[in-house]
Amino acid sequence: MAKITAPKGTRDILPDEIYKWQYVEKTFSELCELFGYREIRIPTFESTEVFKRGVGDTTDVVQKEMYTFLDKGGRSISLRPEGTAGVARSFIENGMGSLPAPVRLFYNITAFRYENVQKGRYREFHQLGLEAFGSYGPEIDAEIISLLSAFFERLGLNSVKIRINSIGCPVCRKDYNAKLKKHIEPNLTNMCKTCNDRFEKNPLRIIDCKEEKCKAITKDAPALIDNLCSDCEEHLKELKKNLDILSISYEIDRNIVRGLDYYTRTVFEFVSDHVGTQGTICGGGRYDGLIEEFGGTSTPGIGFALGVERLLMEMEAQQIAAIQPKDPMVYIANLGSEGADMAKKISAKLRKVNVSCQVDLMGRSLKAQMKYASKMNFNYTIVLGEEEIKTGKAKIRNMKNTTEKEIILSDIDLLDFSKEINT
Ligand code: HAM
């Protein structure tokens, strides 16, 4: 029979590595809370319409990468390829527009994209992200970028430079699109089919094409940042000023366009050399038209998402270790039925005072039990055999420094004991 394996592009996160995930997740949520963000949990799947209208139906994500299917009721459903569209849908549906602005939300999600699987690129991956709704000013852009920077700092990542660009608003984009089309048109027949399809519908997407022949044509294309309207120009100027006030290091990258359609004005990315060709660890930006696109009252928004797999790869490349979980505390080896009963009683008491402990449940020999305790790195062991039950005394052995201490089983003070071993 063929072996059952995980689907291509997915992976199990095993107990031995989970602490790394918990460490970055905890660091992120603590920082978000410091900045006033509250956690939101959204569905894993949405109506396909949410992503078509939100992410944009001329994007690679929607056209090529979405897991879309009809459910048993004949509805078109898609697994979320990202979090922003679902959070925006939830913002409108739950009337969050009436909450005091800005409404700050963060999330920890899995996302799904049918992509070519390679290093740092999976079909199921994890994002830590946040969205802030209700503020047009560049101050919140700077605050969000500073949160991202603080996150990297807390993790201990070095030489982190966030790249920023402005891709304007519908006003400047109209004129810009005309310029871009003029630049591309003479060579359009030499471009890929997708670029040809996008030429009329969404010419800005052409700049994001990964095909070499298309990249060669768009290499010298006019950049949006040089064609901003006065409001967008002012927004960018003020953003830079605010980042300087916050001492955030950044660089302007005229080539960032982002792969999703909802962005307006500020866009930013953090790219690393370590993750190979899939170097973008974090991407984000402003999306002032998204809520309106979904039929809500016009509300600006901005956010970002970090790919956790890529972040962990970067930490590993920079040799940054996540905080390891503590070794388990007490192992109670036991022999005979009375020893086993006493072990159960003590273990229940120890857990009540938050001491992690285990007893043998496998009927193993004393030697095998001690071997298990040492393999599992227990800090302390207690042996409860016939002799101990008879005398009412046992020894607690510190497995790290091999010292022993006698305890009276009838009056073992577990609270004192827990204090002693927890310090
Ligand atoms: P994105 O740039 O498409 O933006 O994805 C954000 C991050 O998710 C990427 O920088 C990358 O680290 C990770 N990522 C994306 N695809 C994959 C994949 N196939 N395998 C592993 N990691 C991946 C968004 O998703 C936007 N929703 C971000 C945002 C939030 N913009 C505003 N608010």
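Here, a residue counts as buried when its relative accessible area is under 20%. The views below come from a predicted model.

**View 1. The buried side of helix α2.** Helix α2 runs over residues 48-56, and its buried residues are Thr48, Val50, Phe51, Gly54, Val55 and Gly56. They span an arc of only 155° around the axis, so they end up on the same side of α2. As a bit of helix background, there are 3.6 residues to each turn of an α-helix, so residues three or four places apart point the same way.

**View 2. The shell around the ligand.** The ligand has 27 residues around it, and Glu82, Thr84, Glu115, Tyr122 and Tyr263 are the closest. Sorted by class, the shell holds eleven nonpolar, nine polar and seven charged residues. Strand β10 gives the largest share, with six residues.

View 3. Zoom in on Thr84: an N or O atom of its side chain sits 2.8 Å from a nitrogen atom of the ligand. For Tyr122, a polar backbone atom is 2.8 Å from a ligand nitrogen. Arg310 brings in a polar side-chain atom, 3.5 Å from a nitrogen atom of the ligand. As for cover, the ligand taken alone exposes 660 Å², and the protein buries 96% of that.

Note on methods
Residues are numbered from 1 along each chain as its sequence is written. This is a predicted model: local features need pLDDT of at least 70, side-chain atom pairs count only at pLDDT 80 or more; totals for chains, interfaces and linings use all residues. Side-chain values use heavy atoms; hydrogens and water are left out. A residue is near a molecule or strand if one of its heavy atoms lies within 4 Å of it. A polar contact is a pair of N or O atoms within 3.5 Å; within protein, one must be able to donate a hydrogen and the other to accept it, and residues adjacent in sequence count only if both atoms are side-chain atoms. Accessible areas come from the Shrake-Rupley method with a 1.4 Å probe; for residues, only the protein chains shown count as cover. Helices (H or I, at least four residues) and strands (E, at least two) are DSSP runs, numbered from the N terminus. Ala, Val, Leu, Ile, Met, Phe, Trp, Tyr, Cys and Pro count as nonpolar, Asp, Glu, Lys and Arg as charged, and the others, Gly among them, as polar. Buried means under 20% relative accessible area, exposed over 50%, partly exposed in between (1.4 Å probe, protein chains only). The arc is that of the directions from the helix axis to the C-beta atoms.
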